[in-house]
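Take a look at the model below. This report covers its sheet, its cores and one loop.

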Amino acid sequence: MRRICRKAPRKRSTKKTGKYGSIESCALRLRNHMTKAEKFLWKVLQVRQRGWSVKFQPQQVVFGYIPDFYCEPMMLAIEVDGRIHDRRDVKRNDSLRTRRLNRMGVTVIRFKNSDVFSASHRIVSMIEDAIRSVTTVDS
């Protein structure tokens, strides 16, 4: 998840805001400024999910985090990771975020940007497998 959410101007409000403004406004900015890989995967998901019984939404607030794509009924999050996610500190934060979401019942699957472009068919297949496995567990 990239940091395009800039520090919000100081104002008095009863709404809880953080370093980058409210989390809802941050999610909106992320939706409006997707990376190329996120845009590409979003187009693929929009076409493919027509045949699925579930729908994904981009950059939704989920237990205080904003995954790249989220399917609420399945509690399934998809993350598209750029090169910055190869850094040790970012990997540690990603791991912590994934563990916290897992404790809340959210399944997180991650893909590299490069794989989104070069192996989108495999990514769609992995997402379909995840949907099936979550459905099987819930049944």
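Predicted model: local features only at pLDDT ≥ 70, side-chain atom pairs only at ≥ 80, totals over all residues.

## The sheet

E3 and E4 pair in the parallel sense, over six bridges.

In general, strands of a sheet pair through backbone hydrogen bonds, either parallel or antiparallel.

## The nonpolar cores

In soluble globular proteins, nonpolar side chains tend to be buried together. Here the largest nonpolar core has 24 residues. Leu 45, Phe 56, Phe 69, Ile 78 and Ile 127 have the most contacts inside it. At least two residues of this core come from each of H2 (36-48), E2, E3 (76-81), E4 (107-112) and H5 (120-138). H5 gives the largest share, six residues.

What is Leu 45 in contact with, leaving aside its neighbours within four places in sequence? The list is Trp 52, Phe 56, Phe 69, Ile 78 and Ile 127. Another core, of seven residues, lies apart from the largest one. Val 62, Tyr 70, Leu 101 and Val 108 are among its residues.

## A loop glycine

Gly 64 sits in the loop between E1 (57-58) and E2 (69-71). Gly 64 counts as partly exposed because its relative accessibility is 48%. Gly 64 and Arg 97 are 33 residues apart in sequence. In space, their C-alpha atoms are 9.9 Å apart.

Methods: Residues numbered from 1 in each chain as written. Heavy atoms only, no water. Helix = DSSP H or I, 4+ residues; strand = E, 2+ residues; numbered from the N terminus. Buried < 20%, exposed > 50% of the residue type's maximum accessible area, 1.4 Å probe, protein only. Core = buried A, V, L, I, M, F, W, Y, C linked by side-chain atoms within 4.5 Å. Contact = heavy atoms within 4.5 Å. Pairing = 2+ DSSP bridges.
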